[in-house]
Amino acid sequence: MMSLTLPELFDINTTVGHWPFRKIPHQTPGALRQVLEKAGIRGAAVANTHGLFYKNCHDANLELAVWLAPHGEFFSGVATLNPLYAAWERDLRACREELGFCAMRLVPQYHGYELGCREAVAMAQAATELSLPLLVPHRVVDVRQRHGFDTERTIGIDEIGALCAAVPQARVIATEANFSGRALIDAEGGFRYPGLYLESSRVDLGSFPEAVAAERILFGTGAPFKHLQPAILKLEIAALESPSRERIGRRNGRELLGFS
Amino acid sequence: MQAEMNEWQQAGRIDVHNHVGGEGGIGRLGGELDRRRAEGLLARAEKLDIDFLCVSAPLTTDSPTPDEVRRVNDVVLQAMELSDRFLGFCFLNPGYAREALEEMERCIVDGGMVGVKLYHQYFVCDPVQAPMMERAAELQAPVLMHAGKVTDAATRARQPRLSNAVHFVKAGEMFPDTQLIQGHIGGGGDWEWNLRVLENCPNNVYIDTSGSVIDAGIVDRTVATLGVERVLFATDGILEEGVGKVLEADLDEVDRARILAGNARDILTRRNG
């Protein structure tokens, strides 16, 4: 196998916490960190799965902060908030200023709203003013195998693109999405959505020109829901120059979260 | 055949479920082999050390005619001419029993293909499958079928006769001398349910690991259910996912080698005729 030296990797797409519909291994920060480090991943953005299900989802952020405290700088906390729920403005500020979280996750398919609604746009604007990039999962699990109580709804490029258009300064990272270059690059070769980025685990890297991939794609695995090796193999064998591989594998994620 | 067997003996990775297509695209009728796409597949497979790819060109329509079936199998024969790394599986519509048997003669006995590919035109345990299954047993040609236990309404509506593990257990009992391969445990759908059903399946039922679903533990659980001897590495064209989940599974290297190539080798070298 073509074997290239990968950069030290930063994973933009991990979670901790209990998922009620399937027994997932490595649900705690300690266990997750072990498998990530074993795979050569040296840092990760992490959200709390409980934030999908708690009505008062800020409790999930408070939980997450406690769980992450022993892990120093390895994990970067990602807030989960619901723009339809009370007090989100205070919770958002607390996540940034008190808990030190580096990004915010919007999960409209679990919280019952459209990304283009007034409340979601307001939250996206507020997060952007706090320099928080937004993570939006296209899906959490493959809906073809969903539990009867789980959502069938996925968040498509049109809905995510509408949010990008409504909040042009926002940096939006679509995770678990398989949007192709054909859908995202216009006739002139430009990226359709200036504020949009893509997490890599389901992306066809070859469908993007290298320059676009190097700028717009961030390495992610979807751990612990998914095996890590497929995402690592994708990056390892992709036809990319080393600087591009390094940007995708580490720099893009860290820069978007505000790390040098 | 002996030369092929010698090459298979050396193979480190045999992908038992992949596809080629004509110029109309994979899963569709149209034209000659899309050589550029086939060559691209070979190049991508080489990067991942996949030595052989078992390929078919199934149709997803409700009742492909014998002529349509012949045309897509011609595409597979063209792929086999392009590269001996392609091992052909002939697509059949068992609803045309006589023609299906004739196509097996053309493609497997005369054409050098190594197996049969079925899609969702009939459940795998439908009695209409019997003549083809019996001939496959005579030829010791494995029968691979597209399968899954989907839970979303849209997929169920599109594939009302999609076989799942219940159908495969029944088919294994109906056709005890035929090697049946349930396609893609990771192809979308409730794989845990499928595995629970397969806990009591006949020994002639195998499963391949392909599909875009790379849920943590999926290969480990599949091995725990069927035993390492009946789990076959495959990608269904989704190469990095297919290779990565087997590499990451909690297996010793002997078992991993069995899944990556050894089990496929055992099946393919049983073929006669």
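This is a predicted model: local features need pLDDT of at least 70, side-chain atom pairs count only at pLDDT 80 or more; totals for chains, interfaces and linings use all residues.
Let us start where the two chains meet. The size of an interface is often given as the accessible area lost when the parts come together. For chain A and chain B, that buried area is about 2,300 Å², with 53% of it on carbon and sulfur atoms. In terms of residues, 22 from chain A are in contact with 29 from chain B.

Charge pairing also features at this interface. Side chains of opposite charge can pair when their charged atoms come close. Between chain A and chain B the count is two salt bridges.

Over all chains, the count comes to 28 salt bridges. Within chain A, the side chains of A:Arg42 and A:Glu8 form a salt bridge at 3.9 Å, N to O. What parts does this pair tie together? A:Arg42 lies in strand E2 (residues 41-48) of chain A, while A:Glu8 lies in the segment before strand E1 (9-16), so the pair links parts that are 34 residues apart in sequence.

Now for the helices. Two packed helices are described by the angle between their axes and the distance between the axes. In chain A, helix H9 (residues 229-237) and helix H10 (residues 242-256) have axes that come within 10 Å and cross at roughly 155 degrees. Since angles over 145 degrees count as roughly antiparallel, H9(A) and H10(A) are therefore roughly antiparallel to each other. On the H9(A) side the contact is made by A:Leu235, A:Glu236 and A:Ile237, and on the H10(A) side by A:Arg245, A:Ile248 and A:Gly249. By class, these residues divide into three nonpolar, one polar and two charged.

Turn next to chain B, where helix H10 (residues 239-248) and helix H11 (residues 253-268) have axes that come within 10 Å and cross at roughly 155 degrees. H10(B) and H11(B) are therefore roughly antiparallel to each other, and their crossing is right-handed. B:Val246, B:Leu247 and B:Glu248 of H10(B) make the contact with B:Arg256, B:Ile259 and B:Leu260 of H11(B). Here the division is four nonpolar, no polar and two charged residues.

Helix H4 (residues 97-110) and helix H5 (residues 130-139) of chain B pack at an angle of about 25 degrees, with their axes 9 Å apart. H4(B) and H5(B) are therefore roughly parallel to each other, and this crossing is right-handed. From H4(B), the residues B:Ala97, B:Leu101, B:Met104, B:Glu105, B:Ile108 and B:Val109 meet B:Pro131, B:Met132, B:Arg135, B:Ala136 and B:Leu139 in H5(B). The contact of H4(B) with H5(B) has nine nonpolar, no polar and two charged residues.

Finally, two backbone details in chain A deserve a look. Most residues other than glycine have a negative phi, and most peptide bonds are trans. A:His26 is not a glycine, yet has a positive phi of about 60 degrees. You will find A:His26 in the loop between E1 and helix H1 (29-38) of chain A. The other detail is the peptide bond from A:Ala223 to A:Pro224, which is cis, with omega near 0 degrees. A:Pro224 sits in the loop between strand E8 (217-218) and H9 of chain A.

Notes. Residues are numbered from 1 along each chain as its sequence is written. Chains are lettered from A and ligands numbered from 1 in the order in which they are written. Side-chain values use heavy atoms; hydrogens and water are left out. Axes are lines fitted to C-alpha atoms, for helices over the stretch in contact, and angles run from 0 to 180 degrees between N-to-C directions. Helices (H or I, at least four residues) and strands (E, at least two) are DSSP runs, numbered from the N terminus. Angles under 35 degrees count as roughly parallel, over 145 as roughly antiparallel, 65 to 115 as roughly perpendicular and the rest as oblique. A crossing is left-handed if the near helix is turned anticlockwise from the far one by less than a right angle, and right-handed if clockwise. Contact means heavy atoms within 4.5 Å. Ala, Val, Leu, Ile, Met, Phe, Trp, Tyr, Cys and Pro count as nonpolar, Asp, Glu, Lys and Arg as charged, and the others, Gly among them, as polar. Buried area is the accessible area (1.4 Å probe) that two parts lose on being put together, summed over both. A salt bridge is a side-chain nitrogen of Lys or Arg within 4 Å of a carboxyl oxygen of Asp or Glu.
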